[in-house]
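Morning, everyone. I have one structure to go through today, so please bring it up on your screens.

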Amino acid sequence: MPDILETSVDLRSDTVTRPTPGMYARMQSAPVGDDGLDGDPSVRQLEAETAAMLGKEAGLFVPSCTMANLLAVLAQARRTEQVALEGEAHMYTSERGAATFTGVFYLGLRGTAGAMDLNLLRDTLKASGHRLRTTLVALETSHNNAGGTVLPLDHMRDAHALAAQAGAAVHLDGARLCNAAVALGVAPADVACHADTVSLCLSKGLSAPVGAVLAGDRALIARARSLRRMLGGTQRQAGIMAAAGLEGVQNMVARLGEDHARARRLSQGLRQFAPLTPSDPQTNIVQVDVSATGRGSEFWVAALEQAGLRTRPWGATRLRCVTHRHIDDAAIDRAVQAFGQVLQSLAA
């Protein structure tokens, strides 16, 4: 009998995506060099094409988007300075432990649907007296903890303008930036233009096995490259991985709309079950409030897994479901059926 984990629908994250056949082919034939010495040709191509897609001068290939965000902070803020973020941003809730060795402080600001309150940002940027100087503002789109919401471009433009007036830079945590661009119907560069640096994850919806790119102007990326070495992020024949990332950047962006459509299909399907309250997704993330069922998220994760559906707890009474290229319409229907099966067992 096959293992239930092998036959289940996996909505835990879009990080579970596996390389496409095209990625495997490019990885096998990729020209490689030593990226820590004289460079790797496949890495250089990935960096250049990703930077161009984002409207930036240069790019830097790194093992993870977390490292890309960290390098952006290290390259643009000094010890005893401050980075301001929306209070539920991934860089704040999950990555600010970096402050223990960077000496840069993180300040979370109240926001709505992932968009920070700009009046609070304006006040924060007014450094005086005992207050720390905010030299970096970090935005996130699509916004993970807010359920894949997309920042309005006007909001990003206004945040960038406020930062520039105060002499601060803006970094965009764009782990799922391409999802945001597809949802808005614009090019990725039209999103990235509202930030000085931007990170892009290759291993989520774009389906590459690993890696991210940090993009910005040439001088800043040169500094980040030096910092990458200090962090142990220099890789050797990294072109094998960069080739997969290049395939993702070139050929996987347009299909992200399919994931968004299936997230909406999932949300609509779950609305037939009155005790459940699914979010109305803008991209590929659906959050499901299970509080009215009288059972918490840990119970639901375990029960759904027994029914053939893998999800993640997102707080005590919410689940997170993320669509990706391995999830087709039939998988969504199976997911809806799994929720119904668990509800039926509760009523028995």
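Let me start with one residue. Setting aside neighbours within four places in sequence, serine 267 is in contact with Pro278, Ser279, Asp280, Pro281 and Val286. Keep in mind that this is a predicted model.

Where does serine 267 sit? It is part of helix 13, which covers residues 256–270. Is serine 267 buried or exposed? Its relative accessible area is 0%, and buried means under 20%, so serine 267 counts as buried.

Two polar contacts of this residue can be pointed out. A polar atom of the serine 267 side chain lies 2.6 Å from the backbone oxygen of serine 279. Serine 279 was also in the list of contacts I began with. The other one is between side chains: serine 267 and arginine 271 are joined by a polar contact of 3.1 Å.

Now zoom out to the domains. The domain assignment gives domain 1 as 16–252 and domain 2 as 255–347. Their centres, taken over C-alpha atoms, are 29 Å apart.

How do the two domains meet? In terms of contacts, 22 residues of domain 1 touch 15 residues of domain 2. Between them the domains bury about 1600 Å², with 52% of that on carbon and sulfur atoms. On the domain 1 side, Gly147, Asn179 and Met252 lose the most area to domain 2, and together they make up 28% of what that side buries.

As for polar links, there are 10 residue pairs in polar contact between the domains, while the number of salt bridges across the interface is zero. The side of domain 1 that touches domain 2 has nine nonpolar, 11 polar and two charged residues.

That is all from me.

Key
Residues are numbered from 1 along each chain as its sequence is written. This is a predicted model: local features need pLDDT of at least 70, side-chain atom pairs count only at pLDDT 80 or more; totals for chains, interfaces and linings use all residues. Side-chain values use heavy atoms; hydrogens and water are left out. Domain bounds come from an automatic or database domain assignment. Contact means heavy atoms within 4.5 Å. Buried area is the accessible area (1.4 Å probe) that two parts lose on being put together, summed over both. A salt bridge is a side-chain nitrogen of Lys or Arg within 4 Å of a carboxyl oxygen of Asp or Glu. A polar contact is a pair of N or O atoms within 3.5 Å; within protein, one must be able to donate a hydrogen and the other to accept it, and residues adjacent in sequence count only if both atoms are side-chain atoms. Ala, Val, Leu, Ile, Met, Phe, Trp, Tyr, Cys and Pro count as nonpolar, Asp, Glu, Lys and Arg as charged, and the others, Gly among them, as polar. Helices (H or I, at least four residues) and strands (E, at least two) are DSSP runs, numbered from the N terminus. Buried means under 20% relative accessible area, exposed over 50%, partly exposed in between (1.4 Å probe, protein chains only).
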